[in-house]
Amino acid sequence: MLALAGFTARLVQSRAAFPDQRFEIQGLFADEGAVTMAWLWSATHLGDLPGFPASGKTIRMSGLTIYGFDDRDRLTGHWQVTDRLGVYQQLQRNAAAG
């Protein structure tokens, strides 16, 4: 479980490296207490990451997030699948080219 402090730290780190992050929703589906969203993410690599200096290049990733809700429509959590390997490979290519 990710507590507020951990979420905040993750968000600060992510925004430092990719300040112009954008999500494009590809599909949104609801079914019995859950909402599923398919999305595309893109951002410009403008801040250093460990092992990857800022490249100024656009990085792209696809993903799917499932949000769970209780019987009073309160968010109870989420489960996410993302292409982090693809992001890593893009960062590697950009570092090698730079």
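Tutor: Begin with Trp 39, which has a relative accessible area of 4%. The model is predicted.

Student: What makes Trp 39 buried?
Tutor: Buried means under 20%. Trp 39 has 4%, so Trp 39 is buried.

Student: Why is Phe 23 called exposed?
Tutor: Exposed means over 50%. Phe 23 has a relative accessible area of 51%, so Phe 23 is exposed.

Student: What makes Phe 23 and Trp 39 an aromatic pair?
Tutor: Ring centres must lie within 6.5 Å. For Phe 23 and Trp 39 the value is 5.2 Å centre to centre.

Student: Why is this pair called edge-to-face?
Tutor: The planes must be over 60 degrees apart. Here the angle between the planes is 75°. Phe 23 sits in strand β1 and Trp 39 in strand β2, so the pair ties together parts 16 residues apart in sequence.

Student: How many aromatic pairs does the structure hold?
Tutor: Three. Among them is Phe 18 with Trp 41, 5.3 Å centre to centre. The planes are 80° apart, and this pair is edge-to-face.

Student: What does the pair of Phe 18 and Trp 41 tie together?
Tutor: Phe 18 is in the loop between α1 and β1, and Trp 41 is in strand β2, so the pair ties together parts 23 residues apart in sequence.

Student: Are Phe 18 and Trp 41 buried or exposed?
Tutor: The cut-off for buried is under 20%. Phe 18 has 6%, so Phe 18 is buried. Trp 41 is at 6% relative accessibility, so Trp 41 counts as buried.

Student: Why is strand β4 called hardly covered?
Tutor: Strand β4 has eight residues, and the count of buried residues among them is zero.

Definitions and conventions:
Residues numbered from 1 in each chain as written. Predicted model: local features only at pLDDT ≥ 70, side-chain atom pairs only at ≥ 80, totals over all residues. Heavy atoms only, no water. Buried < 20%, exposed > 50% of the residue type's maximum accessible area, 1.4 Å probe, protein only. Helix = DSSP H or I, 4+ residues; strand = E, 2+ residues; numbered from the N terminus. Phe/Tyr/Trp six-rings, centres within 6.5 Å; stacked < 30°, edge-to-face > 60°.
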